[in-house]
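I opened the model to look at its core, its chain contacts and a few local details. The entries below follow the order in which I looked things up.

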Amino acid sequence: MRFDTFSRSATVGLLAVLMALAVACSGGAPESAATPTVAATSAATAVASPTTPPLSGKVTVFAASSLTESFKNIAAAFQKANPGVTVEFNFAASSALEAQLKQAAPADVFASADTANMDKAAGKSLIDGTPATFARNLPVIVVPADNRAGIASAKDLSKAGTKIVLAGPDVPIGNYARQIIDKLAADPAYGAAYKDATMNNVVSNEANVRAVLAKIELGEADAGIVYKTDALVSGARVKTIAVPDSANVIAVYPIAVVKATKNRDAAAAFVQFVRSSEAQALLEAAGFDSAS
Amino acid sequence: MIGVDIQKRLHAFTLDVQFDAQHETVVLFGRSGSGKSRTLAGVAGLMRPDSGRVVVGSRTVFDSTRRIDVPPQQRNLGYLFQQVALFPHLTTEENIAYALTGLDASARRRRVRELAELLRIEELGARYPGEMSGGQQQRVALARALARPVDGLLLDEPFSALDEALRADLRAELVRLRQDIDVPIVCVTHDLREAHLLADRIAVLEAGRVLQFAERTGVFHHPASRQVAQLTGVANVFAAHGLGGRRVEIEGAAFEVPQAVAEGVPVDVCIRAERCLLRRTDVNDDLPPNCFVADIASELAFGNAYTLHLQAVGPGPGVEVDVASRPYDVLGVATRRRWVVELPVNDLHVMPR
Amino acid sequence: MSTNSAAEHPRVVAVRRAWSLGWIFASPSLLFGAFVLVPLIALAIRGWQDGQVMERLLSPFVLHALRLSVVTSTLTLVLALVFGVPAAYLLARGRFRGRQLLTILVELPMVLPPTVAGVALLVAFGRRGAIGAALVEMGIEVSFTTTAVILAQLFVSAPFLVRSLQAGFEAIDPTYEQVSATLGVSELRTFLRVTLPLARPALLSGAVLCWTRALSELGATLIFAGNFEGRTQTMPLAIITAFESSAGLSGAIAISLVLLVVASILLVVARLAQRRSRGSS
């Protein structure tokens, strides 16, 4: 008897808790909307010209993982200037985003970390018009903060027993990393054996740049190649080692409106805003190099 | 031989049982819940008593004071469970051979055949338990229990799950097998007839205690107390007073008894219903002692026998009398109400009150 | 005797009574069946039509992933049996304090999202992890190895085996074990000759559940073991990697088809084994 009433009230209590949680979670604003940690720029002047009606609706932005923090800040500024618009994000490897766009995933804007993926999208008529470059980035080598493996330079990557984590070959940063290794192997100071030795040390091909970063922060791997902007995000949790200039590649970030967008005006406005001085300042603050 | 003296605190009562079994069959008889199966489990080692001693053959398998507790695997006792419990995933042959791990294949087969012949289950060799009747299963279980040489056989209400016909069949089987099985047998049952049929000695249990442990005739005809008498199906138990010498008074009438009872001493006197005699009132021969006139108050017709309740006319007790069907017809019980009831002296038994 | 006769007779009664209920339950059942079948059939058809898919079907990329998946999930099953059978028996028959707690612990991985399992395993067995660091001292590296894959699979799939087997053991009448004891057979041999055979249906179905769960494990593997062809890239991981790579949907379809076929074959084999065991007991 006692157990019956106990189990009944326990069930009711559990259901109540679950319902409360459901309400609480749905009550909040959409998760990926930006939370303001805005840089102080004044004059949140609307980018739209005075005669056009105010923008409204949702803008879904597919952006490379390396843009996570900066784009959230940019979106906050954009939303402040255009109160009727909500910006939602899907951050992932640019190759994954392109694959999703191919499967007609609903999106309004596509910001890629390399031209290769943008070109693929353009080749499949997934984007409108010509993509515009809005930022550049530079790959760097990162190691855990305590650097137990004692990696001091790019050359150490080929040391036997070093555990290297890269992004997959189709992910922009993964592609850039492999290009860098190829270039270094072509340099007589490193030698042709450098490539095999280094690639042998690769223990995982992660899905995106943030996954690589996570493994380095955790100390699970000895070294990885990410963008210098990512290294800044991790701060003291990782140490950065520069890639020799001669071998480095410049990551070019294009942005475009998705052809199947349901909110063309707001999407175009967002793209323009990203190229505006306000957004550029935010990108620079995050460590990106300017578009030109 | 098997010697048992164990105590265990149980939920409803404390078990405190003593008995022994030599080259004989001892039946633990009692109602459901009287502790008989628990006792058997204690002998087999499936239940650990709080204190006491159990001896099997020449070995002490349990002794609480000397911290001896031999596990059931090593007590060398055959055990027949109430719920048969043949291994459902093994055939009859495999079940019987289960305990014969020490033998090689041909020796095993020989032994299985021996037992199958003994228990008349030769044609059941390849069958699974699910394909056999209850009676057949019980025979297989018995064969299995006897497969390896044992120092004793324990049977826990082995026939209670069977219908009457099968029960009779298997009881007869057991009696027949007695000659081939030369070890002490302890059998638990709540069936009186079965107890008498199988037993050399009977231990009557009630609420965990042995009320009487004696030869079966002793228990049946000379119960130790009113309680034992009632448990063993004695219908007539009278409260009486001694009259000195070999006489007692029951409900105002004097009766002669086999034992001397001092004057005024309160006793119980009992006689089994089937030992009472009826005489017609119109017969004028000299009447033996312990006769009195009584009228039939009620009658239960069981087909093979009749149970009559007679009430004394004048001083004397109410008596239950069993009359078999032929005597019933010959005497013409159906046609008369008044009878002379005789309680034969030597069938009366005096018990302390 | 009575336990089996009930099983022999209900057919007659059941067939007659099921009819009206059969009609009522038919539509939702068919709908659900279609819901499951249609995507699989679509997958097969698309794969057949798409030329790229047929090319990729037996590429090294796919074969490496297939071999890795089959090997790791089988090893996982073996380990699950080695540790799970005794555990299941103790949980079923044991009377010890903390038994309830242990049961909950065993069931926990089933309730947790696999990604949580991955994070937990990383924290424990990663190079800087509580246990992982000690292992590194001894020269044992777990992260980014096939061992990590097996650990991740074991963590999420072993509970299925244990729970199924525990229920199986609990359903066995303890009287059988007592009978065996009185027949002079030791406890261990009783377990091997009576208890385990009687629990065979539960063992088989638990093993199938465990093995399929291990085969399809993704979240924990991704986080804990990494993604490297031939070493840690199991089939599920390969599918995601292909999908997001230049191979795209075609690549994903190819691997999915291979996995579908392999899994179906193994399920059929397992079913046959189950039917044989049920027939004999």
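Which residues touch the most other members of the largest nonpolar core? I found Val109(A), Phe110(A), Phe270(A), Ala152(C) and Ile255(C), in a core of 252 residues. I took a nonpolar core as a set of buried Ala, Val, Leu, Ile, Met, Phe, Trp, Tyr and Cys residues joined through C-beta atoms within 7 Å. For burial I used the count of other C-beta atoms within 10 Å of a residue's own: 20 or more is buried, 12 or fewer is exposed, and in between is partly exposed, with C-beta atoms placed from the backbone. Helix α8 (residues 146-170) of chain C gives the most to this core, 14 residues.

Notes on the model. This is a predicted model, in which local features need pLDDT of at least 70 and side-chain atom pairs count only at pLDDT 80 or more, while totals for chains, interfaces and linings use all residues. Residues are numbered from 1 along each chain as its sequence is written, and chains are lettered from A and ligands numbered from 1 in the order in which they are written.

Entry: Phe110(A) and its sheet. I listed the contacts of Phe110(A), leaving out residues up to four places away in sequence: Phe62(A), Leu97(A), Leu101(A), Ala121(A), Ile127(A), Ala256(A) and Val258(A). Contact here means C-beta atoms, placed from the backbone, within 7 Å. Ala256(A), in β10(A), also stands opposite Phe110(A). Strand β3 (residues 109-111) and strand β10 (residues 251-258) of chain A run antiparallel and are joined by 3 bridges. Helices (H or I, at least four residues) and strands (E, at least two) are DSSP runs numbered from the N terminus, and two strands pair if DSSP finds at least two bridges between them.

Entry: a helix pair in chain A. The axes of α5 (residues 172-186) and α6 (residues 193-200) of chain A come within 7 Å and cross at roughly 145°. The axes are lines fitted to C-alpha atoms, for helices over the stretch in contact, and the angles run from 0 to 180 degrees between N-to-C directions. From α5(A), Ile181(A), Asp182(A), Leu184(A) and Ala185(A) meet Tyr194(A), Lys195(A), Thr198(A) and Met199(A) of α6(A). I sorted the residues of this contact into 5 nonpolar, 1 polar and 2 charged. In these classes Ala, Val, Leu, Ile, Met, Phe, Trp, Tyr, Cys and Pro are nonpolar, Asp, Glu, Lys and Arg are charged, and the others, Gly among them, are polar.

Entry: what chain C touches. Against chain A, 17 residues of chain C are in contact with 16 residues of chain A. On the chain C side, α13 (235-243) and α14 (248-280) each supply at least two residues. That side has 5 nonpolar, 9 polar and 3 charged residues.

Against chain B, 16 residues of chain C are in contact with 21 residues of chain B. Here α9 (174-182) and α10 (187-198) of chain C give two or more residues, and α9(C) gives the most, with 6. By class, this side of chain C has 9 nonpolar, 7 polar and no charged residues.

Entry: chain B. I counted 9 helices and 21 strands. Its C-alpha trace spans about 75 × 50 × 35 Å along its principal axes. Of the 353 residues in chain B, 40% are buried.

The domain assignment gives domain 1 (2-231) and domain 2 (236-352) of chain B, with bounds from an automatic or database assignment. Their C-alpha centres lie 39 Å apart. The contact takes 8 residues from domain 1 and 5 residues from domain 2. Helix α8 (residues 226-231) of chain B gives the largest share of the domain 1 side, 3 residues.

Entry: positive phi in chain B. Arg120(B) is not a glycine but has a positive phi of about 55°. Arg120(B) sits in the loop between α3 (105-118) and α4 (134-146) of chain B. Arg120(B) is partly exposed, because 13 other C-beta atoms lie within 10 Å. Ala207(B) has a positive phi near 50°, in the loop between β10 (201-206) and β11 (209-215) of chain B.

Terms used
Contact = placed C-beta atoms within 7 Å.
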